Every structure is written in structure tokens, then in C-alpha cells.
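Colleague: I am new to this model and would like to be walked through it. Could we take it topic by topic?

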Amino acid sequence: MQISRKKYLCTLCETEVFKETNHYNEIYSKCKKCKNDILICIEDNALNKRKELEDSNNIAFKRIIFYNYNVELDKDYDEYQKLVTHLYSKNYKCFSCFDMKTFRWNYLKEKHNNSIMIYKPNTFKNQYIGLGIRLHDWYERITFNSKLKIGYYLED
Ligand SMILES: [Zn+2]
């Protein structure tokens, strides 16, 4: 596809910008107004494509549950152990990484604190594609303080 000027929307603060791209998907480019860097295309073609996807029944909704424990504290330790047992019982594998891009976190928490729509639910085993973002069954941030357990998991 040819490169052309297209209208994009910041997924957090909803500022509109124009970008030169050769497709109608999301792009990872810094918003001028906020720290977010997931921009979605809002040209008619892009909106129609998303509408088609949503109408195709190839979507699912998951609840997204955030957690934040300090396992040095007895209460948090117990709750975290319970959570991990629960997630292993669902055969979830923890996806952990250094979260250099906290915007994703902000984006998820601010925009999807409750439920999130997933496109093509069966594409990958432990991963899903949501609007503008890749999601995991169970995600945990690697922190410099290993006592801090910060992450999210998905439930049907
Ligand atoms: Zn923004």
C-alpha cells in the first residue's frame, strides 16, 4: 500500500494527529499531548475494517484483573501465593518482561480497567490481540525490587 497522510487518534487522551503510513492499523508513535504511544487510525477504511472484525464474531471479551503485591508483607504474600496457584490451575504461563513502556500499563488501566475486547481470540496460545495492543493470559512486570509483584491476568 502507498504511503499517505492519515488521521490517527491517541488511545489515551484522544488527541487527533496526522501521520504518514502505508496501512490502516495502529502505530506506535508518541502522542504529543500525553505519554501514550499507541495511536489508532481513524480513517474510514480503518473504521470499516474494525467494524467488519467486530461483526465477524471473531472477537471475545475478557475481564482484565490487575494486581500489585509486596510479598514482604504477610498478607500480600498469602494473597499472591493464592493467585499464582489459581493461575497455574488455569494453565496460564506467566509472561514477564521489563516494563520500560509504562504507557501500555497506563493505557490498559485507564482504558480497560474492567473488560477488554480481543480480536481473533484463537490466534495464539497465550496471547491475544486487542485494540492496539498485544495481551497475555498472565503478564507480570519484572521490577528491580523482586518483592514487588505487579501484573494482570485475564478471565473469561
Ligand atoms: Zn495522548
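Colleague: What is the order of the strands in the open sheet of seven?
Modeller: The order is E5-E9-E10-E4-E6-E7-E8, and the pairing is mixed. Strands here are DSSP runs of E of at least two residues, and helices are runs of H or I of at least four, numbered from the N terminus. Two strands pair if DSSP finds at least two bridges between them.

Colleague: Which strands stand at the edges?
Modeller: Strand E5 (95-98) and strand E8 (133-136) do; each has a single partner strand, so one side of each is left without a neighbour in the sheet. From one strand to the next, the twist averages 40°. Axes are lines fitted to C-alpha atoms, for helices over the stretch in contact, and angles run from 0 to 180 degrees between N-to-C directions.

Colleague: Before we go on, what sort of model is this, and how are residues numbered?
Modeller: This is a predicted model: local features need pLDDT of at least 70, side-chain atom pairs count only at pLDDT 80 or more, and totals for chains, interfaces and linings use all residues. Residues are numbered from 1 along each chain as its sequence is written.

Colleague: Where is confidence lowest, and where is it highest?
Modeller: Confidence, given as pLDDT (the predictor's confidence in each residue, from 0 to 100), is lowest in helix H3 (residues 102-111), with a mean of 73, and highest in H2, at 98. For the chain, the mean pLDDT is 88, and 97% of residues reach 70 or more.

Colleague: Back to the sheet. How many bridges join E4 to E6?
Modeller: Strand E4 (residues 59-70) and strand E6 (residues 115-119) run antiparallel and are joined by five bridges. Ile-59 has Tyr-119 as its bridge partner in E6, and Phe-61 stands opposite Met-117.

Colleague: What about E4 and E10?
Modeller: E4 and strand E10 (residues 148-155) are antiparallel, with eight bridges. Tyr-69 is opposite Lys-149 of E10.

Colleague: And which helix lies across E4?
Modeller: Helix H2 (residues 74-89) lies across E4, strand E9 (138-142) and E10, running at about 150° to E4.

Colleague: Which residues make up the largest nonpolar core?
Modeller: There are nine in all, among them Ile-116, Ile-118, Trp-138 and Leu-154. Such a core is a set of buried Ala, Val, Leu, Ile, Met, Phe, Trp, Tyr and Cys residues joined through C-beta atoms within 7 Å. E6, E9 and E10 each supply at least two residues of this core, and E10 gives the largest share, three residues. A second, separate core has seven residues, including Ile-38, Leu-39, Cys-41 and Tyr-107.

Colleague: What does Leu-154 contact?
Modeller: Leaving aside neighbours within four places in sequence, Leu-154 is in contact with Lys-62, Arg-63, Ile-64, Leu-135 and Asp-137. Contact means that the C-beta atoms, placed from the backbone, lie within 7 Å.

Colleague: New topic: what is the order of the three-stranded sheet?
Modeller: That open sheet has the order E2-E1-E3, with antiparallel pairing. Its edge strands are E2 (16-21) and E3 (39-41), each pairing on one side only. Strand E1 (residues 4-10) and E3 pair over three bridges, and Tyr-8 has Cys-41 of E3 as its bridge partner.

Colleague: Lastly, where is Asn-58, and why does it count as partly exposed?
Modeller: Asn-58 is in the loop between H1 and E4. Asn-58 counts as partly exposed because it has 14 C-beta neighbours inside 10 Å. Not counting residues up to four places away in sequence, Asn-58 touches Leu-53, Tyr-119 and Lys-120. Asn-58 and Cys-41 are 17 residues apart in sequence and 20 Å apart in space, C-alpha to C-alpha.

Methods
Two residues are in contact if their C-beta atoms, placed from the backbone, lie within 7 Å. A residue is buried if 20 or more other C-beta atoms lie within 10 Å of its own, exposed if 12 or fewer, and partly exposed in between; C-beta atoms are placed from the backbone.
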